[in-house]
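Okay, thanks for coming, everyone.

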Amino acid sequence: MTSRLLLPATLRRYAGGQAEVEIRGGRLGTALDDLCERLPQLERRLRDEQGRLRPHVLIFVDGVSVRGGSPMDTPLPEGAEVFVAPAVSGGSCG
Amino acid sequence: MGLAILLVGTRKGLMIARSTDDRRTWTTNDFQFLNQEVYSVAIDTRHDPPRIFAGVGTGHWGPLLTFSDDLGKSWTEPEEPPIGFPPGSDAAVARVWQIQPAPADQPDVVYAGVEPHALFRSDDRGKSFGLVEGLWNHPHRPSWMPGGGGACLHTILPHPADPDDLLVVMSAAGVYHTRDGGASWEPANRGIQAAFLPEDQRFPVFGQCVHKVAFHPGRPERLFAQNHFGVYRSEDRGGSWTPIESGLPSNFGFALVAHPHRPDTLYSFPLQADAERFPPEAKLRVYRTENAGETWAPLSEGLPKDPYYAAVLRDAMVADSGDPAGIYFGTRLGEVYGSRDGGDGWSLLASHLPDVLSVRVAEVA
């Protein structure tokens, strides 16, 4: 199963400047495991060392937020758009 | 001095200042890690070239521990995460509060203190770190509380001659001491007051909010501590502590710095109180003792005379190894001041920065 990971500008440097990256896996967790093999510095910006989504990272799969429940178990249909965004809650103060 | 560098970590980036004229003037136009907090910096001069470290908070994207071997022209982030809790520990590094190279006879050892309360050790000069399990598994840990800045291990003090002897300082857990290389740890807070606890519980075994501990490397048994209300000295490497705050305008503060050559000389930056984190009387002054805390004197020559309402944080004051010693501090107003004569006179080195979190200085060439 192949999906498109769409990156905000601040993360593109970890993907060779690309705005999107192909990821492979039937669920968000396995797809990010695949990403970790190829672009570990990008993957660690999305998940902590326990494999959990970082607190202020938003991910939408085909427009639906994965927050709540078990985000890593979110199914990824073939060709899914996996959109990454920084939450407005998580920036530095000021 | 040949080339000296001054690292100034701020709420929104890292300034690298350079001086080639024995610290008289500094270039201050190198500002990196834009919009990212730099809570910890370190300069490791045990190898040539020296290595500089930065503990960077990337906001949404988690913490980063990175290093440079070309004095900040380029930075290395290993493919493997250099620092992280083991799988299954249910913990994740939230912030790197301290990066501390070990003494010169352990040239590849670097320690890191993080939030949540934990110590990490590297044996490959900071490329990879392992959790010091003896502290992480300490039976007191479930009772350690966060300080106002978080559950941070913010100070690491290796013994200069004994590689098995190490002190760490945590808010709000206090001082802990190992003499067996980190396998076991004992609290070292006897005599330090926890003024925020009920009156009959103010001298607990642990739980104090110690803000900073400093010592002179030639006299490692004598420690100085700035506590959350209270300034102390220990003559037995933390076995017991006695107050030395008489003569200071306040016993609250964060920064505390030992003179590099004089074991009796110490610098403090008092703040009015925990609820009033301003210089006492709104006067920007560093206090110096030259007799291990028996008496204190304010130092203000060259500092602003107008009312000053910004604090100095725990890692934002530092000494270099020059003779006479240089003393530096950065304020939450984004100003950096330096003295080339041990604090007798000061000058403004940089201004209009974001608030200053961490400062380190070293001669590197």
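So, which residues have the most contacts inside the largest nonpolar core? Before I answer, keep in mind that what you see is a predicted model. The residues are Val8(B), Met317(B) and Val359(B), and the core they sit in has 109 residues. As for strands, β19 of chain B, residues 252-258, gives this core its largest share, with 6 residues. There's another core lying apart from that one, with 19 residues, and Ile23(A), Ala31(A), Val57(A) and Ile59(A) are among them.

Let's stay with Val359(B) for a moment. If you skip its neighbours within four places in sequence, Val359(B) touches Leu6(B), Leu7(B) and Val8(B), then Asp315(B), Ala316(B), Met317(B) and Val318(B), and also Tyr328(B), Phe329(B) and Gly330(B).

Now zoom out to chain B as a whole. You're looking at 27 strands and 1 helix. Its radius of gyration comes out at 19 Å, close to the 21 Å from the globule rule for 365 residues, so chain B is as compact as a globular protein of that length. The box around its C-alpha atoms, along the principal axes, is roughly 50 × 50 × 40 Å. Of the 365 residues in chain B, 51% are buried. And if you take contacts in chain B with a separation of 6 or more, 49% of them join residues 24 or more positions apart.

Last stop, the interface. How many residues of chain B are in contact with chain A? It's 16, and they meet 16 residues of chain A. On the chain B side, that's 6 charged, 5 polar and 5 nonpolar.

Methods
Residues are numbered from 1 along each chain as its sequence is written. Chains are lettered from A and ligands numbered from 1 in the order in which they are written. This is a predicted model: local features need pLDDT of at least 70, side-chain atom pairs count only at pLDDT 80 or more; totals for chains, interfaces and linings use all residues. Two residues are in contact if their C-beta atoms, placed from the backbone, lie within 7 Å. Ala, Val, Leu, Ile, Met, Phe, Trp, Tyr, Cys and Pro count as nonpolar, Asp, Glu, Lys and Arg as charged, and the others, Gly among them, as polar. Helices (H or I, at least four residues) and strands (E, at least two) are DSSP runs, numbered from the N terminus. The radius of gyration is taken over C-alpha atoms; the globule rule is 2.2 Å times the number of residues to the power 0.38. A residue is buried if 20 or more other C-beta atoms lie within 10 Å of its own, exposed if 12 or fewer, and partly exposed in between; C-beta atoms are placed from the backbone. A nonpolar core is a set of buried Ala, Val, Leu, Ile, Met, Phe, Trp, Tyr and Cys residues joined through C-beta atoms within 7 Å.
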